[in-house]
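Work through the exercises below with the sequence and the model in view. Each task is followed by a solution in steps.

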Amino acid sequence: MATEARSLVTPELEARRGVWLRERHSEPISASAIRRWAIAVYWPDAPPRLYWDEEHARGTRFGGIVAPAEFNAFTWPVERDPADSGLETDALPGLRSMAGGTRDRYGEPMRPGDVIRERARIADWEQRDTRLGPTLFIHSETEWINQRGELVRSRLITSIRY
Amino acid sequence: MADEDRGEPLDSAPLYFEDVAVGDELPTWSRETGLVHWNRFAAVNDEFYDVHMDDGAARAAENPQGAFGMGMLRFSYLHNLLRAWAGEQVDVRELGCRYRAVNQKGDVLSCSGRVSGTRVEGGDHLVELELDVRNQLGESTTPAQAVVALPSRGGEARGAD
């Protein structure tokens, strides 16, 4: 018979479940940022021309440069958002963290000049006993909408706290 | 067909839905990884966690081999696999992965994939895939599932209308 595991869930975490906690806007996406992302993820090979050659990109179904689907439009802010290290971080003092997984659903592509509106929330969690002991798997959802109101991306990040 | 490891677009030979069958294996996309890759990715993803940059910090976090790679870079590598397979214009609808094992310095990561299903839904021609990133020991580090929409010889998928 299993013994009841110690719950890691705090009242602070419970209060955040399902609540949209963060809304912010990106800087306009630059062609340079797209090119540098593509170079980094293909290093040391040249990335596909779609991400850096406007003339080539005009001949594609996109009609111009787009960003790789997994591109990050929220980098290098002057003022750091504490939630960047996890919406749950300050609600779970003393727990260690590991990346558990990432799941993206994609809508419209990101293009140079686009401004992305992001909102994020803790969608859900479950606690299981693992080799790390009592372990929380926290699923945070992030939605990206462009300036035309189109869904760009819905991301579910699983972070592991133990 | 472009060199499978170069990530070159396959515009000259678009992959059609009708060319794909359950059980098809994707050409492997591979990378030897280390700090030169991680530092570049840290710069573009603004991801400067010490465990990815500093051996001492990573050892203190119980990884005796020192600094280790970012999960999100492997997530990008899985996208690279799909782009190398179906071309730079591939319409990835969904990609989800679990980070099962650490990417150590010097690892040779091989991204692989297999078609697990096909379906037509609302006019979209969708292909389901099982993916993974394995290290040089053959260990699964990043099992994943993806859904992509491919053009059909009988009609175009979303984005082309």
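This is a predicted model: local features need pLDDT of at least 70, side-chain atom pairs count only at pLDDT 80 or more; totals for chains, interfaces and linings use all residues.

Residues are numbered from 1 along each chain as its sequence is written, and chains are lettered from A and ligands numbered from 1 in the order in which they are written.

**Exercise 1.** State the confidence of chain A and find its lowest and highest elements by mean pLDDT.

Solution. Start with the scale: pLDDT is the predictor's confidence in each residue, from 0 to 100. Chain A has an average of 94, and 97% of its residues score at least 70. Next, take the elements, which are DSSP runs numbered from the N terminus: helices (H or I, at least four residues) and strands (E, at least two). The lowest mean in chain A, 93, belongs to strand β1 (residues 20–25), and the highest, 98, to helix α2 (residues 31–42).

**Exercise 2.** Describe the order of elements in chain B and give its buried share.

Solution. Count first: chain B has three helices and five strands. Along the sequence they follow β-α-α-α-β-β-β-β. Then apply the burial rule, by which a residue is buried if 20 or more other C-beta atoms, placed from the backbone, lie within 10 Å of its own. Of the 161 residues of chain B, 41% are buried.

**Exercise 3.** Trace the pairing of β4(A) with β3(A) and with β5(A).

Solution. Two strands pair if DSSP finds at least two bridges between them. Strands β3 (residues 117–130) and β4 (residues 133–145) of chain A are antiparallel, with 13 bridges; A:W125 is partnered there by A:I138. Two residues form the hairpin link from β3(A) to β4(A). On to β5 (residues 151–161) of chain A: ten bridges join this strand to β4(A), again antiparallel, and A:S140 has A:I157 as its bridge partner. Five residues lie between β4(A) and β5(A) in their hairpin, where A:G149 has a positive phi near 80 degrees.

**Exercise 4.** Which elements of chain B give two or more residues to the side that touches chain A?

Solution. Contact means C-beta atoms, placed from the backbone, within 7 Å. The contact involves 31 residues from chain B and 27 residues from chain A. The elements are α1 (35–45), α3 (71–86) and β2 (91–98) of chain B, and α3(B) gives the most, eight residues. Finally, β2(B) runs antiparallel to strand β2 (residues 97–106) of chain A, joined by five bridges, with A:R105 partnered by B:E94.

Methods: Two residues are in contact if their C-beta atoms, placed from the backbone, lie within 7 Å. A residue is buried if 20 or more other C-beta atoms lie within 10 Å of its own, exposed if 12 or fewer, and partly exposed in between; C-beta atoms are placed from the backbone.
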